[in-house]
Amino acid sequence: MLAVLIASLAVRYRLSRTKIQEFLQDWAGIALSTSSIDRCLREAGLACRPVVEDLIGQLQAAEILHLDETPWYESGRLCWLWVAVNTTCAVFFIGPRTKEMVLTIVSTAFVGWLVSDGYGAYRWYEHRQRCLAHLIRKALALSEVVDAEARQFATWLLEEMRELIHELAQAGGNSPDDPGTIRLKKVALLSTASEHPKLKALAKEILNDWDAVVAFVTNPQLPVTNNLAERALRHAVIARHIGFGTRTTEGSSSYAALLSVIETCRLRLLDPWAFLATVISLGRKGLDAPLLSSPLPQVV
């Protein structure tokens with residue numbers, strides 16, 4: 001339980017090794033060196049890796065998977081922290097921002113729908129829903145520019161995207177030839193003729209990724225935003241600002257494994273600390289880690 005407490009203070013509460021050392025001394029009378037604290041965190045992360053491997057397998061069977069990434073630093077070197085998440089499972093990875101990294105997360109076993117932003121490395125995957133919140137935010141910013149023509153077209157794009165989402169939410173699905181889809185495409189086409197570079201770039205972005213932008217029109221079960229992945233990354237983004245990332249490859253792997261287990265437990269309404277204590281205890285005995293139990297049934 002002491003190792004679990006250290007893991008919770010470092011990963012969940014974002015305390016540095018020195019702050020954890022001070023906390024344990026002041027509140028529990030326990031004197032530990034920062035290197036001992038670091039060894040506890042590495043042990044916990046290593047013990048969680050078999051659990052994470054099982055979670056990766058579970059993600060491949062998901063019907064809808066959200067994927068997102070954010071900058072991360074490993075000993076000052078730019079890496080990326082990735083998350084693959086659905087309503088019952090979250091797995092974090094730290095690595096390069098490449099198509100190969102996406103293929104590591106989304107293997108050939110995955111045949112569901114991928115919800116993502118517009119990063120080019122995702123575009124090879126056929127069944128994808130583009131996060132409309134990103135496009136709406138860009139259009140919203142452009143609707144306030146000085147250029148009157150650009151402002152008018154950006155407002156038009158913004159209104160059409162919002163109206164399309166509203167119409168589909170009310171109708172529960174529709175044809176790709178519905179009037180809202182046709183209007184949005186016409187506005188995007190008109191906007192490509194604009195002399196405003198950012199408006200033109202936004203219009204081309206919509207058109208170049210058109211099938212993913214409007215996938216939800218014929219697949220009403222798809223979410224139109226990637227908020228699930230963005231929320232999962234928020235905690236780690238705060239940790240990055242405080243601790244400036246990790247220092248070693250082993251430290252990155254341990255941190256990502258702990259994040260995966262803790263977040264998945266929370267998604268499944270399980271106690272992450274009791275589960276982590278069991279994982280560490282069995283690991284010290286040389287026994288296999290238990291697998292996370294199935295999520296609790298949701299009451300409708």
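L5 lies in helix α1; helices here are DSSP runs of H or I with at least four residues, strands are runs of E with at least two, and both are numbered from the N terminus. This is a predicted model, where local features need pLDDT of at least 70, side-chain atom pairs count only at pLDDT 80 or more, and totals for chains, interfaces and linings use all residues. Residues are numbered from 1 along each chain as its sequence is written, and side-chain values use heavy atoms, without hydrogens and water.

L5 has a relative accessible area of 31%, so L5 counts as partly exposed, between buried (under 20%) and exposed (over 50%), with a 1.4 Å probe and protein chains only.

Now the sheet. Five strands form an open sheet in the order β3-β2-β1-β4-β5, with mixed pairing; strands pair if DSSP finds at least two bridges between them. β3 (90-95) and β5 (128-130) stand at the edges with a single partner strand each, so one side of each has no neighbour in the sheet. Strand β2 (residues 77-85) runs antiparallel to β3, joined by six bridges. W80 stands opposite G95 in β3. Helix α3 (residues 34-60) packs on this sheet and touches β1 (64-74), β2 and β3, contact being heavy atoms within 4.5 Å.

Last, H196. Where does H196 sit? The loop between α7 (179-191) and α8 (197-208) holds H196. H196 is buried, because its relative accessible area is 16%. Leaving aside residues up to four places away in sequence, H196 touches L142, V145, D147 and A150.

Note on methods
Axes fitted to C-alpha atoms, helices over the stretch in contact; angles between N-to-C directions.
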